[in-house]
Amino acid sequence: MGEVVVPIDDDSLQIITFKSGSNKATPVAGQAVSDVRELESWLPLTESRNGTTFSAVFHLLCSGIGFQALLLPAAFLSLGWAWGIICLSMAYAWQLYTTWLLVNLHEPVAGTRCSRFVRLSIIAFGPKLGKLLAIFPVMYLSGGSCVMLIITGGNSMKQFFNIICEEGTVCGSKSLTGTHWFLVFTGIAIIIGQLPNLNSMSRVSLTGAITSIGYITMVWSLSIGKGRPNGVSYSLPDAEKTGMNGFGNILNAIGIIMLAFRGHNLILEIQGTLPSDSKQSPRKSMWRSVMVSYLIIPMCLFPLAIVGFWAYGNKIPANGVGILTAFSQSHGHDTSKLVIGLIYLWLTISCITSYQIYAMPAFDNLEFVYASSQKRRCPGWVRVGLRLFFGGLTFFVAVAFPFLGSLAPLLGGMAVVPLTFAYPCFMWISIKKPRSKGKMWSLNMGLGCLGIVLSVLLIVAAIWNLADHGFNANFFRP
C-alpha cells in the first residue's frame with residue numbers, strides 16, 4: 001500500500017491510497033488535512049486565484065511563442081513544401097487537443113483542482129510512476145528553458161549592442177564578454193522575478209506576448225518586402241537525402257516542428273490562477289483563453305515557417321535563431337540598423353519575460369519545500385534568497401554549458417515531446433476511464449503511443465546526428 005496527499009478542494013487535502021502492484025487510486029474516507037488552503041495560499045502558483053481570461057491569454061501567449069519558432073523554416077528543407085505544411089498543421093492540431101485534455105483534467109474529480117502537472121501525473125499514474133514520468137520533463141521545461149533563455153537572450157543583447165555601437169566608436173570599444181551579457185540578462189530577469197506570484201506577472205506576460213508577436217511578424221514581413229536573395233535552394237544535397245542521413249534529417253525536421261509548440265507544462269498552473277467556486281468552474285474561462293491564444297499563435301508560426309523557407313531555403317541554419325540569422329546575413333547591408341536592432345531588442349525582452357513564467361514552477365517547488373518543513377509562509381528575505389539561488393544556478397549552467405542548444409533535440413525528445421503529445425492522452429484514459437476500445441479510448445491510446453514512438457525516434461535521431469556531425473563542447477566559453 002502507498003499513499004499520496006492530493007488536493008480535494010480549497011479547504012482540504014485527501015490521502016489517496018494505491019494498492020500494491022496497481023496504479024489505481026482509492027480515496028480513503030475520512031482522512032483529510034484541513035490546512036491545505038493555507039498552504040496553497042503561501043505558494044506563488046496558487047497564492048492568488050483572481051486571474052481573468054485576459055491574464056490567462058497573456059500567460060499562454062508568452063509561454064507559447066518562443067525563439068524555437070525561428071527554426072521552423074529549417075524543418076521544411078528536409079520535409080519539402082507539402083509535408084512541411086502537413087506536419088506543422090498536424091502538430092498544431094495534436095497539441096491543441098492535448099491542451100484541451102489538460103484543461104478538462106484540471107478538475108479530475110468535482111471540487112478537486114490540480115494546479116501542478118506533477119500532481120496530476122501522480123493522480124493518473126500513481127505516486128512512483130507519476131513522479132518518474134513527470135519530474136524530469138517538468139524540471140527540464142522549467143530550469144532548462146530558463147538556461148536556454150539566458151543563452152539566447154544574452155546573445156541577443158550582445159547582437160543588439162554590436163548593431164547600435166559600431167566598431168571604432170567609444171561604446172563599441174567597451175563591448176562585454178558573453179559571460180557578462182549572460183550576467184546582465186540574469187540580473188534583469190531575477191529583479192523582475194521578485195514579483196510575488198504568477199497572477200501578479202500578467203503585465204509582464206502581456207509585454208512578452210507583444211514583443212514575441214512583434215519580432216516574429218517583423219522578420220517574416222521584412223523577408224517578403226526584401227525579396228528572395230540569389231542562390232537559394234529548396235532541397236538538400238543528394239547525399240543528405242538517402243540512407244540514415246536522410247532518415248535522420250526527416251526526424252530532426254519533425255522534432256523542430258514538435259519542439260516549436262511549448263508551454264504544456266504551464267497549462268494547469270495558468271488555469272490555477274483563475275477563480276473557482278461551487279457554482280463556477282475555471283474550465284470554461286480557461287478554454288476561452290486557450291481558443292484566443294491558439295488563434296494568434298498559428299498566425300505567427302505558419303507565416304514565419306512558410307515565408308522563411310520561401311525567402312531563404314537552404315540558407316537557414318538549423319540552430320541558434322534560425323531565420324533571424326539568415327535575414328541578418330542576407331539583408332543586413334540594406335536594412336536599417338534601427339530595424340534590425342529593434343528585432344533583437346524585442347527578442348531579448350521576450351526572453352526576459354518568458355524566463356519569469358518558466359521559472360515560476362521552480363520558485364513554487366523551492367517555496368513548497370520551505371513552507372511544508374517550517375509550517376509557515378516564506379518570509380520575504382527567504383523568497384528573495386531562493387529566487388537569487390535559482391537565478392544563480394541557471395546562470396552557472398548557461399555559462400558552463402553554452403552549447404546546450406545543440407543538445408535541445410535530444411533533451412526535447414526526452415522531455416518536451418512526451419509531456420506535450422503523449423502524457424495528457426494517457427492521463428485522460430487513467431482518470432476519466434472511457435469505455436475500453438471506444439472512440440475516446442482508441443483516440444487517446446493511439447495518440448499517446450504515437451507520441452512515445454516519436455519521442456524514441458527523435459532521441460535516436462538526435463544521438464545519431466551528434467555522433468555523425470559532433471558539436472562544439474565549449475565549456476565555460478559562451
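The turns below cover confidence, a surface patch, aromatic pairs and a glycine.

Biologist: What is the mean pLDDT of the protein chain?

Modeller: This is a predicted model, so confidence comes first. Over residues 1–34 the pLDDT is below 50, although this stretch has 77 contacts in the model beyond near neighbours in sequence. Of the chain's residues, 90% reach 70 or more, and the mean pLDDT is 87.

Biologist: Which helix gives the largest share of the nonpolar patch?

Modeller: The patch has an area of about 630 Å², and its residues include Met-244, Phe-247, Ile-452 and Trp-464. Two helices each supply at least two of its residues: H8 (243–260) and H16 (439–469). The largest share, 6 residues, comes from H16.

Biologist: Is Trp-464 buried, partly exposed or exposed?

Modeller: Trp-464 sits in helix H16 and is a member of the nonpolar patch. Its relative accessible area is 37%. Buried requires under 20% and exposed over 50%, so Trp-464 is partly exposed.

Biologist: Why is the pair of Tyr-92 and Phe-302 edge-to-face?

Modeller: The count of aromatic pairs comes to 18. In the pair of Tyr-92 and Phe-302, the ring centres are 6.4 Å apart. Planes over 60 degrees apart count as edge-to-face, and here the angle between the planes is 85°.

Biologist: What is the angle between the planes of Phe-136 and Tyr-140?

Modeller: Phe-136 and Tyr-140 are 4 residues apart in helix H5 (residues 127–164), which means a separation of about one helical turn. Phe-136 is partly exposed at 38%, whereas Tyr-140 is buried at 14%. Their rings are stacked, 6.4 Å centre to centre, with an angle between the planes of 25°.

Biologist: What is the C-alpha to C-alpha distance between Gly-246 and Ser-78?

Modeller: Gly-246 lies in helix H8 and is buried, with a relative accessible area of 6%. Leaving aside neighbours within four places in sequence, Gly-246 is in contact with Glu-240 and Lys-241. Gly-246 and Ser-78 are 168 residues apart in sequence, and their C-alpha to C-alpha distance is 8.0 Å.

Methods. Residues numbered from 1 in each chain as written. Predicted model: local features only at pLDDT ≥ 70, side-chain atom pairs only at ≥ 80, totals over all residues. Heavy atoms only, no water. Patch = residues over 30% accessible without salt bridge, like charges linked within 9 Å, V, L, I, M, F, W, Y side chains within 5 Å. Areas by Shrake-Rupley, 256 points an atom, 1.4 Å probe, with all protein chains shown as cover. Salt bridge = Lys/Arg side-chain N within 4 Å of Asp/Glu carboxyl O. Buried < 20%, exposed > 50% of the residue type's maximum accessible area, 1.4 Å probe, protein only. pLDDT = per-residue confidence, 0-100. Contact = heavy atoms within 4.5 Å. Phe/Tyr/Trp six-rings, centres within 6.5 Å; stacked < 30°, edge-to-face > 60°.
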